[in-house]
Amino acid sequence: MICDKVQNLLSPYLDGELAPRERAEVDAHLAACPECAGLAARMRAAVAAFAAFPDVDPSPALRRRLLAIPERSRRFRLDLDFLRRPVLQPFLAVAAGLLMLVSVYFASPGSFQRSINREFHRGIGSIEKIYVRAGSLTDRIGDLAVTAYDSAKAVNPIGRAENRY
Amino acid sequence: MLVDLYTKKVFNMAYQFTGSHQEAEDLTQDIFVKLYRSLDKFDLGKNFTAWLLALAKNYLIDEYRRTKWEKRSRDDFEDHAPTLAGTDDPERGLAEEETRNLLWSGLNQLPAEIRMAVILKEIQGKTYEETAEISGVPVGTVKSRISRGRLQLAKILSQSSREGEHDM
């Protein structure tokens, strides 16, 4: 048996939980391998030492602190009982919704502001485009007016009539 | 009544887990606050001690993960432990004391779940079944954790022994 496999079996070996054949194989390996035998001896020493660890006494002050807890806990609960009144439920639901919105804002203030800036600049861009289109439209209207005026002037039936007579 | 019956159990569990007397007292207080708030959830048909220790174990491991105690040093073993009965052989007594100190500090090197299993099974003397009930895992998982914990601690003792031989 290789050392890794034996070392993984040492704990059940110490607990006496191995099948007889497996136990015999571990015994044979430990007899031939000083390193694994040393580990087994130290594991046995660790188990024995832990079993002799004494209980430690807490301080008397801790007992006093613990005895004071139920009273404090009860007082804390009474203080919050009014929150359970049904009439407050709709207000608490609205408050929870608002808190969620605020928390979303504070969780990502950068992206929120960036999205506002983006929308603002997009709006400004749209207004500029409309303004430019309106400008070109007035130009076209102006051109159209000049053309119409020139055409009218060229045709000018009144002027021709005046010239004829 | 709860305080008289269970303070020492919960405190020792917290002390062995954290290695700090002060920390263990604060955590014991937190665990009792949690206990009073959870009493109405206790199923009367179940074992109260196991339920309380499971509550304490969960709280300790949650706090351990939140605050990372393993980076802190443990109190010296002798700081709070009552004096143990010595052996007639002073050399053997010294070796036992060194083993105790190495194991006590070695607990900090074990992952939280393995450390808790070792504390319940080896120090508090619970059976595998009781340890599994408190830990909320199958008995096989507890055996595996104990095996890994024992092996790691045995290796710590071996390494210290080798270093001791080198120093001589």
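Before you go on, a word on what you have open. This is a predicted model, in which local features need pLDDT of at least 70 and side-chain atom pairs count only at pLDDT 80 or more, while totals for chains, interfaces and linings use all residues. Residues are numbered from 1 along each chain as its sequence is written, chains are lettered from A and ligands numbered from 1 in the order in which they are written, and side-chain values use heavy atoms, with hydrogens and water left out.

**Stop 1: chain B as a whole**

Keep chain B selected and colour it by accessibility. Of its 168 residues, 48% are buried (under 20% relative accessible area, with exposed over 50% and partly exposed in between; 1.4 Å probe, protein chains only). Now show contacts, meaning heavy atoms within 4.5 Å. Take those between residues at least 6 apart in sequence: 67% of them join residues at least 24 apart.

**Stop 2: where the chains meet**

Bring chain A back. Here 32 residues of chain A are in contact with 42 residues of chain B. The two chains bury about 3500 Å² between them, 63% of it on carbon and sulfur atoms; buried area is the accessible area (1.4 Å probe) that two parts lose on being put together, summed over both. Next, pick Phe50(A), Phe53(A) and Val56(A): in chain A these lose the most area to chain B, together 20% of what that side buries.

**Stop 3: salt bridges and helices**

Six salt bridges link chain A and chain B, each a side-chain nitrogen of Lys or Arg within 4 Å of a carboxyl oxygen of Asp or Glu. For one of them, zoom in on Asp15(A) and Arg150(B), whose closest N and O atoms are 3.2 Å apart. Then highlight α1 (3-15), α3 (34-51), α4 (60-67) and α5 (69-80) of chain A, which each supply at least two residues of the side that touches chain B. Of the elements on that side, α3(A) gives the most, with eight residues.

**Stop 4: Gln29(B)**

Finish in helix α2 (residues 21-38) of chain B, where Gln29(B) lies. Is Gln29(B) buried or exposed? Its relative accessibility is 15%, so Gln29(B) counts as buried. Show Arg65(A) too: the side chains of Gln29(B) and Arg65(A) make a polar contact (2.6 Å), that is, a pair of N or O atoms within 3.5 Å; within protein, one must be able to donate a hydrogen and the other to accept it, and residues adjacent in sequence count only if both atoms are side-chain atoms.

Notes. Helix = DSSP H or I, 4+ residues; strand = E, 2+ residues; numbered from the N terminus.
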